[in-house]
Amino acid sequence: MSLRALGNKLFGSGSNITMGEASARVQELINEHATIVFSKSYCPYCSSTKRTLKQLNADAFVIELDQDSDGSALQDALEDISGQRTVPNIYINKKHIGGNSDLQKLDKAGELEQLLRNAGSLKL
Ligand SMILES: N[C@@H](CCC(=O)N[C@@H](CS)C(=O)NCC(=O)O)C(=O)O
C-alpha cells in the first residue's frame, strides 16, 4: 500500500469506502468495460486521450475521478493495482496501457486501432 493510501486509511480521505472496496470497484470497472479511462475532468492529458479515442470512434467508458465522491480512494487503489498514480490511467481489454503519452505512442505506431478492435471497442 502506498504511503498516501495508508494516510487516507488512517486519517480519512473524505470517502467512506475502504481500500479493499475501492480496489474491488476499480477491478470491477476494468473487467466490465473493454476500454476504460480513469480521468479528471480538468486534466489536459485526459482531454487529449478522450479526443484521440473519439476520433477513432471508440466506445470508451470514462470515469472522472474528480467528480466521484470516492475518486480519491479509487485513485489510491489504481496506484496499488497499476503502479501508476497519474491520470489518465487507461485499460484496454483489461490490459494496462498507461497514460496519455503511452496511448499517443500506440496511436502513432498504428497499433491503437487494432487494440481497440480486438477489445470490441470500435463502433465501425
Ligand atoms: N505523462 C503523463 C502525464 C499525466 C499527468 O501529469 N496528469 C496529471 C493531471 S493533468 C496528474 O495525474 N496529476 C496528479 C493527480 O491529479 O493526482 C501522461 O501522459 O498521461
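This is a predicted model: local features need pLDDT of at least 70, side-chain atom pairs count only at pLDDT 80 or more; totals for chains, interfaces and linings use all residues.
1. The shell around the ligand is formed by Lys 40, Cys 43, Pro 44, Tyr 45, Gln 75, Thr 86, Val 87, Pro 88, Gly 99, Asn 100 and Ser 101. Sorted by class, this shell holds 5 nonpolar, 5 polar and 1 charged residues, and at least two of its residues come from each of the helices α3 (44-55) and α5 (100-108).

2. In the side chain of Gln 75, an N or O atom is 2.9 Å from a ligand oxygen, while a polar backbone atom of Asn 100 is 2.8 Å from an oxygen atom of the ligand, and a backbone N or O atom of Ser 101 lies 2.9 Å from a ligand oxygen. Of the 510 Å² of accessible area that the ligand has on its own, the protein covers 68%.

3. Turning to helix α6, which spans residues 112-119, its buried residues are Leu 112, Leu 116 and Ala 119. These residues lie on the same side of α6 because the arc that they cover around the axis is only 60 degrees.

4. The packing partners of the buried α6 residues are β1 (35-39), α3, β3 (89-92) and α5. Two of these partners, α3 and α5, also each supply at least two residues of the shell around the ligand.

5. As for the end of the helix, α6 is followed by Gly 120, which has a positive phi, near 80 degrees.

Technical notes. Residues are numbered from 1 along each chain as its sequence is written. Side-chain values use heavy atoms; hydrogens and water are left out. A residue is near a molecule or strand if one of its heavy atoms lies within 4 Å of it. A polar contact is a pair of N or O atoms within 3.5 Å; within protein, one must be able to donate a hydrogen and the other to accept it, and residues adjacent in sequence count only if both atoms are side-chain atoms. Accessible areas come from the Shrake-Rupley method with a 1.4 Å probe; for residues, only the protein chains shown count as cover. Helices (H or I, at least four residues) and strands (E, at least two) are DSSP runs, numbered from the N terminus. Ala, Val, Leu, Ile, Met, Phe, Trp, Tyr, Cys and Pro count as nonpolar, Asp, Glu, Lys and Arg as charged, and the others, Gly among them, as polar. Buried means under 20% relative accessible area, exposed over 50%, partly exposed in between (1.4 Å probe, protein chains only). The arc is that of the directions from the helix axis to the C-beta atoms. Contact means heavy atoms within 4.5 Å.
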